[in-house]
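The sequence and structure come first.

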Amino acid sequence: MKFFVTGGAGFIGSHMVDLLLKEGEVVVYDNFSSGKMEFLEDAQKNPGFTLVEGDLLDYDKLKEAMSGCDWVYHFAANPDVRTGVKEPGRDLEQGVQATFNVLEAMRANSVENIVFSSSSTVYGEATVLPTPEDYGPLVPISIYAAAKLGSEAFITSYAHTFNMRGWIFRFANIIGTRGTHGILVDFKNKLENNPAELEILGDGTQKKSYLNVVECVEVMKFAVDNSPEQVNIFNLGSEDQITVARIAEIVVEELKLPDVKLNYTGGDRGWKGDVPQMSLSIEKVKKLGWQPKRNSEEAIRDAFRSLL
Ligand code: NAD
């Protein structure tokens, strides 16, 4: 089995690379815009590993690099929801166009299987919590989420039109070792700069679900191996939620900092496009036989310790 992993030098992708190398050969295709060579340190020792430094927007290079592969795991994208406010075209290119190029390269190389990292943000501000996979209508409120939903639509329509199979995973917040962005990295950087104060975006009541990155890639592979439909859509997260204010308390506690002043910027969300309440129903993947090992608070503590 030969796996092609876009964004394989990134936070989640590199963990998937480590897992897939136990089952076969892996080609990583990454432009290193946010990925890091050090995340592939172990992988590079494996004779079944190949690294191609390239951009998904370079279609000819992508098509050539994918030759001989059986499976595509597609992680590469702009990972930051916030950039859409200033650069809306970025998600169109790095999300929808990049996914379209991946699908076209698959068609050209007769690769039939794609596994995609989508996001809970496709649900927008869902009125049903925990939100199940068949919730609708899907009304994204960020450009990032629009690009994820557009990419999902290209994948399902390619599956139908060209006899491919797709696994679409709508992630909660994924955290853990090799984390390079998100709330924990943000809080850590701010407190390193000024241990006396912590700026918190919003009023702190935003409440979301968090999943450990190793659990994330393990359950993805498990669901791929156990769900053989043409299109397979799964939410991945923990069964509970935690507030931003509680995360701030945990971070301060873990750093053992006395008297940190918490400064809330105010408002019900951190930025334009932020979904204040996110809770995913994971009943569908649980029915396959999976159970998260940590709740959100345990995942946050573990991830923060690993960042330190
Ligand atoms: P990441 O930034 O660490 O990984 C993305 C990788 O893709 C990086 O290695 C980057 O260099 C590469 N890349 C980006 N654009 C590229 C391009 N045009 N061509 C080639 N390579 C390119 O981010 P991550 O957190 O590991 O996220 C992985 C995927 O999971 C993304 O699609 C992200 O949207 C999705 N996701 C992440 C989370 C989360 O909590 N981290 C939540 C929901 C969805």
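This is a predicted model: local features need pLDDT of at least 70, side-chain atom pairs count only at pLDDT 80 or more; totals for chains, interfaces and linings use all residues.

For H181, the distance from a side-chain N or O atom to an oxygen atom of the ligand is 2.9 Å. For D30, a polar side-chain atom is 2.6 Å from a ligand oxygen atom.

On its own, the ligand has 820 Å² of accessible area, and the protein covers 96% of this.

## The shell around the ligand

The ligand has 29 residues around it. D30, S34, F75, Q94 and Y144 come nearest. By class, 13 are nonpolar, 13 polar and three charged.

Several elements supply at least two shell residues each: α1, β5 (113–119), α4 (143–162) and β7 (173–175). The largest share, three residues, is from β5.

## Nonpolar cores

The largest nonpolar core holds 37 residues. Inside it, I12, V17, V26, Y73, F169, F171 and M220 have the most contacts. Two or more residues each come from β1 (2–6), α1 (11–20), β2 (25–30), β4 (71–74), β6 (165–171), α6 (213–226) and β11 (231–236). Of these, α6 gives the most, with seven residues.

What does F169 touch, leaving aside residues up to four places away in sequence? Its partners are V115, F116, S117, S118, S119, M220, A223, V224, F234 and L236.

Another core, of 25 residues, lies apart from the largest one. F4, C69, V102 and M106 are among its members.

Conventions
Residues are numbered from 1 along each chain as its sequence is written. Side-chain values use heavy atoms; hydrogens and water are left out. A nonpolar core is a set of buried Ala, Val, Leu, Ile, Met, Phe, Trp, Tyr and Cys residues joined through side-chain atoms within 4.5 Å. Buried means under 20% relative accessible area, exposed over 50%, partly exposed in between (1.4 Å probe, protein chains only). Helices (H or I, at least four residues) and strands (E, at least two) are DSSP runs, numbered from the N terminus. Contact means heavy atoms within 4.5 Å. A residue is near a molecule or strand if one of its heavy atoms lies within 4 Å of it. A polar contact is a pair of N or O atoms within 3.5 Å; within protein, one must be able to donate a hydrogen and the other to accept it, and residues adjacent in sequence count only if both atoms are side-chain atoms. Accessible areas come from the Shrake-Rupley method with a 1.4 Å probe; for residues, only the protein chains shown count as cover. Ala, Val, Leu, Ile, Met, Phe, Trp, Tyr, Cys and Pro count as nonpolar, Asp, Glu, Lys and Arg as charged, and the others, Gly among them, as polar.
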